[in-house]
Every structure is written in structure tokens, then in C-alpha cells.
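Morning, everyone. I have one structure to walk through today, and I'll keep it short. Please have the sequence and the model open.

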Amino acid sequence: MADDNEPPDSKLTRTKEKWAREGRFLTGKITRPEDQRLPPGQHLTKDWPVLDLGVVPPVSRDRWRLDVYGAIEHPVFWTFAEFTAQKQVQFTSDIHCVTTWSRYDNLWEGLATHELLAACQPREDARFVVLHSYDGYTTNLALEDFAAEDALLAHSWSGQPLTEEHGGPVRLVVPHLYFWKSAKWLQAIEFQTEDAPGFWEVRGYHNRGDPWAEQRYSGD
Ligand SMILES: Nc1nc2c(c(=O)[nH]1)N[C@H]1C(S)=C(S)[C@@H](COP(=O)(O)O)O[C@H]1N2
Ligand SMILES: [Mo]
């Protein structure tokens with residue numbers, strides 16, 4: 001009989017343990033005191049505005065594919081069913097849009113980015129991630145920001161499938177950065193050794209986009 005106290009000894013488990021020892025991918029504190037919860041220059045909204053390039057790409061769950069490639073040991077190519085067969089999490093987090101609205105307590109469900117990293121295993125020299133979307137949008141993130149504890153690839157919001165206007169079937173959610181980093185209609189995730197600014201980042205938005213540092217535009 002298997003000993004319940006014996007941890008499963010897979011390559012994945014060992015890699016995660018190694019990352020935990022190294023503190024790899026940890027970006028620090030997620031919860032903030034209530035008086036620091038709303039970043040400077042933001043106001044709260046109860047509704048959820050739609051912001052994008054104006055074209056909703058027609059991608060049903062049936063036709064959706066996620067392609068993960070680049071500086072990783074194990075490229076991933078998932079259908080929606082394969083994606084949702086991975087370990088699922090529910091995270092509640094706040095949205096902060098660079099256009100100054102914030103929305104509290106959004107309940108997301110999907111795949112934590114650290115689970116994706118455990119599956120694809122970034123190479124030692126991987127430092128950056130580019131998100132590619134079905135509408136042609138791109139955005140770039142440092143690997144540490146992508147790997148934040150509360151970041152996920154979300155397929156549901158408030159217990160319902162993510163609507164197409166908000167990026168369904170699947171969008172990224174990186175709560176600690178401005179919302180333009182949270183790519184809707186996610187199609188591919190590319191791991192890179194060099195940084196490659198995305199759609200808004202080459203059009204004057206800040207490369208990182210930390211709301212508490214008001215990193216709205218390049219030069220801020
Ligand atoms: N694919 C894609 N993702 C995108 C965008 C876009 O145009 N295309 N716009 C970004 C911007 S600027 C914002 S503020 C949020 C808006 O998400 P929402 O419409 O769900 O509020 O999506 C981000 N992700
Ligand atoms: Mo935005």
C-alpha cells in the first residue's frame with residue numbers, strides 16, 4: 001500500500017521544490033492594507049467596461065487552441081478540453097485599468113500561471129514572456145510578473161464562462177499590473193531571452209505598468 005505521507009516523486013514535483021527553495025518566480029506580497037488597495041489616480045467602478053482594439057475575434061471553445069513555445073523544455077499545445085483538464089484554481093482579485101477605473105473582487109477561474117510554468121519548464125535563460133492574442137494584440141511581461149502567485153489563464157468570471165467581449169474563451173489575468181497586460185482571447189505564450197515590447201508598449205505605454213508606481217506611460 002502506498003504511504004500517504006510519501007510525496008509523489010515526479011520530475012515536476014522536484015522542479016517545483018527546487019523553485020520553491022530558490023524563491024524563483026516569487027514577486028512578494030499580494031495582499032495590501034485597505035488604505036493602499038486603490039492605486040493613486042484610480043477611481044472605483046461597479047460595472048465592467050470593455051476596452052480593446054474594437055474587433056472581437058470569433059474563437060469558440062471548440063476551435064480555441066493554446067500554443068506555448070520558445071525558451072522552454074516542454075512546448076505545450078492544448079485544446080480547450082486539455083486546458084481545463086489541468087489543475088484549476090479560483091482567485092479573487094482587483095482590476096486596475098490605465099484609463100483610471102478599478103474594479104474590486106473579481107472571481108476568476110482557470111489555470112494558475114505557475115502551474116503552466118511547471119508544465120512547460122522555462123529554460124534557465126528564459127526571462128520574458130510575450131502574449132499573442134487572436135485579434136493580433138500582443139503584450140510583454142517579465143517572467144517574474146507572469147509568474148505572480150495570483151496570475152492565471154482565466155476561462156470563467158463570477159462562475160460563468162468568460163464572455164467574448166471580455167476575452168473568452170481564455171484571457172490572461174495579472175492583477176498586480178495595469179489591465180492592458182492581461183491579454184484577452186489568448187492564443188499563444190512565447191518565452192524569450194530578450195524583452196520584446198508589445199502593441200501598447202511600442203505605442204507609448206510603460207513597459208512594466210505597475211499601478212502603485214503609476215507606470216502609465218513610458219517616461220513615467
Ligand atoms: N487581445 C487583447 N487583449 C487586450 C486588449 C486588446 O485590445 N486585445 N486590450 C487591453 C486593455 S487596454 C484593457 S484595459 C483590457 C480590458 O479588458 P476588458 O475589456 O475585459 O475590461 O484588456 C486588455 N487586453
Ligand atoms: Mo486599458
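Start with a pair of residues: Arg65 stands opposite Thr79 in E3. One more pair from there: Leu66 has Trp78 of E3 as its bridge partner. Keep in mind that this is a predicted model.

So which strands are we looking at?

What is the order of strands in the open sheet? It reads E3-E2-E11-E6-E7, five strands with mixed pairing. The edges are E3, residues 76-79, and E7, each pairing on one side only. From one strand to the next, the twist averages 15°.

E7 covers residues 138-142 and runs antiparallel to E6, with five bridges joining the two. His132 stands opposite Thr138 in E7. E6 and E7 make a hairpin with four residues between them. In that turn, Gly136 has a positive phi of about 95°.

Step back to the whole protein. There are four helices and eleven strands. Of the 220 residues, 33% count as buried. Take the contacts with a separation of 6 or more: residues 24 or more positions apart account for 66% of them.

Next, the core. How many residues does the largest nonpolar core have? The count is 43. The residues with the most contacts inside this core are Val129, Leu152, Leu153, Ala154, Val174 and Leu186. The elements giving it two or more residues include helix H3 (113-120), strand E6 (128-133) and strand E11 (186-192). Strands E5 (101-112), E8 (152-157) and E10 (171-173) also give two or more. In general, nonpolar side chains tend to be buried together in soluble globular proteins.

Leaving out residues up to four places away in sequence, Val174 touches Leu141, Asp145, Phe146, Ala148, Ala151, Lys181 and Ser182.

Now ligand 1. Which residues come nearest? Of the 18 around ligand 1, they are Asp52, Ser133, Tyr137, Trp180 and Lys184. By class, the shell has eleven nonpolar, four polar and three charged residues.

The peptide bond from Gly168 to Pro169 is cis, with omega near 10°. Pro169 sits in the loop between strand E9 (160-161) and E10.

Gln121 is not a glycine, yet has a positive phi of about 55°. Look for Gln121 in the loop between H3 and E6. Is Gln121 buried or partly exposed? Gln121 counts as partly exposed, because it has 15 C-beta neighbours inside 10 Å.

Glu214 is also not a glycine, with a positive phi of about 45°. Glu214 lies in the segment after E11. With 16 other C-beta atoms within 10 Å, Glu214 is partly exposed.

That's my tour. Over to you.

Key
Residues are numbered from 1 along each chain as its sequence is written. Chains are lettered from A and ligands numbered from 1 in the order in which they are written. This is a predicted model: local features need pLDDT of at least 70, side-chain atom pairs count only at pLDDT 80 or more; totals for chains, interfaces and linings use all residues. A residue is buried if 20 or more other C-beta atoms lie within 10 Å of its own, exposed if 12 or fewer, and partly exposed in between; C-beta atoms are placed from the backbone. Two residues are in contact if their C-beta atoms, placed from the backbone, lie within 7 Å. A nonpolar core is a set of buried Ala, Val, Leu, Ile, Met, Phe, Trp, Tyr and Cys residues joined through C-beta atoms within 7 Å. A residue is near a molecule or strand if its C-beta atom, placed from the backbone, lies within 6 Å of it. Ala, Val, Leu, Ile, Met, Phe, Trp, Tyr, Cys and Pro count as nonpolar, Asp, Glu, Lys and Arg as charged, and the others, Gly among them, as polar. Two strands pair if DSSP finds at least two bridges between them. Axes are lines fitted to C-alpha atoms, for helices over the stretch in contact, and angles run from 0 to 180 degrees between N-to-C directions.
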